[in-house]
Amino acid sequence: MGRATVLACLVTSSVLSLALAAPAQAASIDYVALGDSYSSGVGAPGQSGTCLRSNNAYGPKWAAANSPASFQFLACSGATTDDVVRTQAPAIRAGADLISITIGGNDAGFAPTIVTCLTSSDSACANKVNQGKTYVANTLPGKLDAAYSAIRAKAPDARVVVLSYPLMFDTAALICEMSTAKRRAINDGARVLDEMIKQRAEAAGFVYSEVRDEFTGHGVCSSRPWLNGLTIIPPQNSYHPNSSGYTSGYLPALTGAAG
């Protein structure tokens, strides 16, 4: 066998080993998806039950692509950090290896802020966003710490990936259901929220995964939005990721951080 042939065989063997390693590794992982509506899949098709869970959410999509040993889908629309402490973390089965979560948006007043900004003036919107920022600075850190501690207590050896929220709006679009001032205020509130989530996640020893880069250019009112704007049927889809947002935004962010 010539030298070139031997080298080709070694390269082929190495490639095959790498190709087989990922599924084999994933097959031994017990994966749990926690969190709020951005984890349960609100905004995408196929929502069901009181928690509005969808198989088009990033958690089920990761599970479908990687075939883990087990998959628990515990995320629930409307969930807060208190819900993680009271119901989601206690339900984590022993032996969890990988956990993903988005949490904190509902604590900071996501829905009331959107309603205020849709129905009131620019100044009223800014004031509501500033209220949320105050909560994020003064109250949310302790809430996040409690939620993260509850997760760690149930899964001491798990790799926990905490995903951020995207910036909601394209602020350059000329036509949108909200003014440029409102869009900028809401995006700034999201930045402040993400920064606090990052700080507390890293303090807990968790992996923080930022999704804002994936969603760049795909905000509400952009030419190719990965987030829904105001929707009437069903109303809960408003200002949540659509199928593209979960598939091309959140899923790569989780995949890259899952290790």
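Predicted model: local features only at pLDDT ≥ 70, side-chain atom pairs only at ≥ 80, totals over all residues.
View 1. Residues are numbered from 1 along each chain as its sequence is written, and side-chain values use heavy atoms, with hydrogens and water left out. To find Thr 231, look in the loop between helix 9 (212–215) and helix 10 (243–258); helices (H or I, at least four residues) are DSSP runs, as are strands (E, at least two), numbered from the N terminus. Setting aside neighbours within four places in sequence, Thr 231 is in contact with Asn 237 and Ser 238 (heavy atoms within 4.5 Å).

View 2. The whole structure holds 1 cavity of 30 Å³ or more. Here a cavity is a set of points on a 1 Å grid over the protein atoms alone where a 1.4 Å probe fits but cannot get out, and lining residues have an atom within 4 Å of a point. The largest cavity has about 360 Å³ of space, a volume being the space filled by probe spheres set on the points, which are joined across faces, edges and corners. Among the 24 lining residues, Phe 110, Ile 186, Gly 189, Ala 190 and Leu 193 are the closest to the centre of this cavity. Helix 2 (37–40), helix 5 (110–119), helix 6 (122–138) and helix 8 (180–203) each give two or more residues to the lining.

**View 3. Gly 189 in helix 8.** Gly 189 lies in helix 8 and, at 17% relative accessibility, is buried. Not counting residues up to four places away in sequence, Gly 189 touches Val 129 and Lys 133. Asn 138 is 51 residues from Gly 189 in sequence, and their C-alpha atoms are 14 Å apart in space.

**View 4. Helix 4 against helix 7.** Helix 4 (residues 81–91) and helix 7 (residues 140–154) pack with their axes 9 Å apart, at an angle of about 5 degrees. Axes are lines fitted to C-alpha atoms, for helices over the stretch in contact, and angles run from 0 to 180 degrees between N-to-C directions. The two helices, helix 4 and helix 7, are therefore roughly parallel (angles under 35 degrees).

Terms used. 1 Å grid on protein atoms, 1.4 Å probe; cavity = no way out; pocket = protein on both sides within 12 Å on 5 of 7 lines; lining within 4 Å. Buried < 20%, exposed > 50% of the residue type's maximum accessible area, 1.4 Å probe, protein only. Parallel < 35°, antiparallel > 145°, perpendicular 65-115°, else oblique.
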